[in-house]
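The sequence and structure are shown first for reference.

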Amino acid sequence: MDQVHNIGSQLDWIVLVIYMIAMLLFGTYFAKYNKDTNDFFFGGRRFTWWLIAMSIVATGISSHSFVKYSAMGFKYGFSSSMSYMNDWFFVPFFLFGWLPIIVYSRIKSIPEYFERRFSPSARFFVTILQLLYLVGYVGIGFLTMGKAIMPLMPESFTILGFQIHVTLMGLIWVTAVITGIYITFGGQTAVIFTDLVQGLMLLFAGLMIFFLGVSYVGGWHSFWNLLPASWKVPFAGFNSPAEFNSVGTFWEDGIAGSVGFLFMNMGLIMRFMATKNVHEGRKAATINILFMLPISAIVVGGGGWVAKAISVMNPKLIPQNVNPDSVFVFVSNILTGRGVFGFVIAAIAAALMSTVSTLLNATAAIWVNDVDKPIRIWLKKIKKDDPVDENRAMSVARWATVAFTTLGVIAVYAFNSYPTVYQAHAFFHATLTPPLMIAIFFGAFWKKFTPAGLITTVIGGVTLMLLGFRYPLELIGPLAHGTPYDPVHPFTYMAALYNLIVCTGVAVIITLAQKQFQKYVNHLKKNPNHSAIMIALVIFSAAVVLLDLTIVFGKIDILPLTATYFISLLMCVSIAFITTYYVKYDPEKQTAGLTVWSIHKAKEWFKGSKLNEREGENAIVHFKLIDSEEDVIRFSHKDMHKMAAEPGDLVYISDTRKWLGGLKSCHSVYGKPHDEDGIVYITNLHMGKGLFVKDRMLEAEKEM
Amino acid sequence: MPSFFNSWLPFLYLYIGGGIFFLAGLLLIRKAKSIDMRLKRDRFWWKVMIFGFFYFVVFHGILIIAALYW
C-alpha cells in the first residue's frame, strides 16, 4: 500500500496551526475553574446533560476514529457502522447499576471502588489493569492521530541545513507534546469545554465530507447505485474475512468494547461524574447512544463510503491500493478546497486530541488517588483520613499527565505492527477488556462475588488468556465460529469470546466454591504449619505464572498444552486459597451501597441522612451574599415549600443561563429557612465555587 | 445479492445474542429494585430502555431491506 505525502497546501497548514493554538488557549482559559482536585478531575460535578453528551461524542468519535472507520468503510462499505450501533445492550446495567453506584459511592476512581468493595490488594491489581488499559488507549489515539496527519507531511524537510525525514513516530511525539500541554494545565473543565467545540467541529466536518462526496458522484441516486449491494448491507460477512466480520465484531466490540467503554473507561466515567446528578448522566448516555452514535457512524465512515463510490466512478482518482488508513484524508483533499481541507484535518486532530486528553486526565486521577496516596500512607507520610494537600495533589496530577503522555507514545510501538488501526484497536479491546469487565460486572451486580473470585480472575484469568494468545488454534479456534485463521494476527476479534469465557469461568467457579475455600482455610489455620503451607502455595502460584509467561513470550513448549492448562487451573485454585487466607472480607459491610442490590443505601450515604423523595419544583431566586463559614444555603419558607425541601437536603444552584451548561453552579445543603421570598442566602464559599455574576438570578433544584 | 449468511444472520446473531444481555439487565435492575417503578421518572426510563432496543432492531432491519431490495 502506498503512503501518501505532501497533500494539502500552505493555507491548510495555516488553518491547522491556528486551530491548534486556539484550542490550547481555549483549554488553558478554563484553568481558573480548577480550585482543587475535584474540579481538576470531575469539573466540580456540575454540568448538564447536553454538555456532557457532546463531550462524550468528541471522546467517542475520536477513539473510534475517522481514520479507522473510513478505512473499513472504504474496504467493506456501510458495515463500518456496526461498532456504532451495538451499544444498547448494556444500557440497563449502566443506567440503573454502575452509574448510580459510582456517583453515590463518591469514589474518585474505579480502583478505589475495588478497595471499598473488596480489599486494598484488589485495588492494587485493578490499578495496574486500569493504567495498562488507559495507556493502551492513549497509544491507539496517538497512532491514529499520526496516521491522519502523515499524508499532509512532506517526506522530508530542511531546517538550518539539516534534512529531517518525517516519520510516523516523530510526528506522534510532536502531537503528544501539544496534547500534553493543554490537558496538563486545563484539567477536566478544559477537556469538557474544548470537547464541546471539537465535537461540533468534527460532526460538521464529517457530515460535510459525506454530503460533498455524494454531490460529487452526482447525487444520492448515483451514489446508491454505484455501490454494490454487498457494500450497502450494514453488517460485515458473518464470519469472514478474518480482518472484519460480524460475529467477531459482536464479541470484540458489542460486548467487550461496549462494556469497556461504558463501564471501565475511566475517562468516560469521569465525564458522567462531572454531570450535576445521576438523572443528567442517564440523559447524556441515552442521547449519546440513541442519536449521536448513529450520526457519528456517518461522520466517521462517510469519507470511506464516498471514497469507494468515487473509486468505482473514476478508478484513476482514488487508486485501489491506497493505504486504507489514509483514505479519509485523501478523499477530503479531493472534495474540499484550499483552507477547507485544513479545517477538516484540524477537525480530525481535534477529535483525536479530545480522546487522548480525556484519557490522560483519567490516568492522572488514578495515579493521584490509587498510587500516590496509598504509597504515601504506606510510607507513613500521611494518614488515611488526612485532608488532601491540594497543591501537592495538583502538582502530582500534572507530572503524571506528562509521564503518561510519554508512556502512551511508547505504547504506539506495540500497535504499529497491525495493518490497520481498526485491527490494532480490536486486539487491544479483546485482550485488556475482559478481566476488568468481569471484575466490574460481577463486583457491581453479584453480591456473592468475593475478593478471591476477583483476584483469581485478574491473575488466573489473565494467565489463561495468555495461553490462548500462545495456542490460538487449539484454544480459541473451537470458539471462533468458523472465522479464518490468520497466523500473523490470529483471531484478533474472537479472542474476546475466549477471554470472556475463561475470565467468567474462573470468577464464577471460585465464587461458588468460596464456602469450601473458607472451610479449608479455617481448618488450615488450626495446623501449626499453616504459614509454611501458605508460603509454599504462594511460591507454587508464582512459579506457574512464570512458567506460563516463559511459554507464552519465550515461545518455548516446556510442557504439553494439556499439562500447562491443568497446572494453570491448579494455580487459580491456589490463588483463590491464598486470597481467602490473607484477605479480610466482610460481605455485609463491603457490599452495602456498592452493588446494584443496595442502591437505596448508597443514596442515603451520599446524602448523609434519610432521603426526601417528595417531588417539588425548581425555584428561580436572587442571591444575597452573607458572612458565614457554613456550607449551607438558605431559602425562604415559601421557596423551600415550592421545592419540597427540608433543611439538610442537598441542593444544586446554578446561573439561570442554560447555555452555560452548569459552568456557573455549585452544590450545597439547605439551611434553616428565612422569610425573604425570592432570595437565597449564599456565602463566599459558594461564590468561589460557582463564580456567580452579581445581579444574575439563580435556579435552585433539590437533589435526589 | 448478499446471502442470508451475510445479511440476516449477523442481524439475528446481534439481536438474539445482545438481546439476552439486554433482557438480563432489565430483569436484574427490576429484581434488585434499583429501578423503582412507583416513581414517574423511573417508569419513563424503563420505557426509554425498551424503546431503544427496538429502535435499533427496526433501524438495522430497514437498512438491510434497503440494501437488498432498493
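1. The model is predicted: local features need pLDDT of at least 70, side-chain atom pairs count only at pLDDT 80 or more, and totals for chains, interfaces and linings use all residues. Residues are numbered from 1 along each chain as its sequence is written, chains are lettered from A and ligands numbered from 1 in the order in which they are written, and side-chain values use heavy atoms, with hydrogens and water left out.

2. At the interface, 41 residues of chain B are in contact with 40 residues of chain A (contact: heavy atoms within 4.5 Å). About 3800 Å² is buried between the two chains, 79% of it from carbon and sulfur atoms; buried area is the accessible area (1.4 Å probe) that two parts lose on being put together, summed over both. Helices α1 (8–31) and α2 (40–69) of chain B each supply at least two residues of the side of chain B that touches chain A. The largest share of that side, 17 residues, comes from α1(B).

3. A salt bridge here is a side-chain nitrogen of Lys or Arg within 4 Å of a carboxyl oxygen of Asp or Glu.

4. Glu646(A) and Arg614(A) meet in a salt bridge at 2.7 Å, N to O. The two residues are 32 apart: Glu646(A) is in the loop between α26 (637–643) and β5 (650–655) of chain A, and Arg614(A) in the loop between α25 and β3 of chain A. Glu646(A) is partly exposed at 38% relative accessibility, as is Arg614(A) at 44% (buried: under 20% relative accessible area; exposed: over 50%; partly exposed: in between; 1.4 Å probe, protein chains only).

5. The structure holds zero disulfides over all chains (a disulfide is a pair of cysteine sulfur atoms within 2.5 Å). For Cys503(A), the nearest cysteine sulfur, that of Cys572(A), is 9.6 Å away. Cys503(A) is buried, at 0% relative accessibility.

6. Met313(A) is found in helix α13 (residues 278–313) of chain A; helices (H or I, at least four residues) and strands (E, at least two) are DSSP runs, numbered from the N terminus. Leaving aside neighbours within four places in sequence, Met313(A) is in contact with Tyr216(A), Val217(A) and Leu226(A). Met313(A) is partly exposed, with a relative accessible area of 38%.
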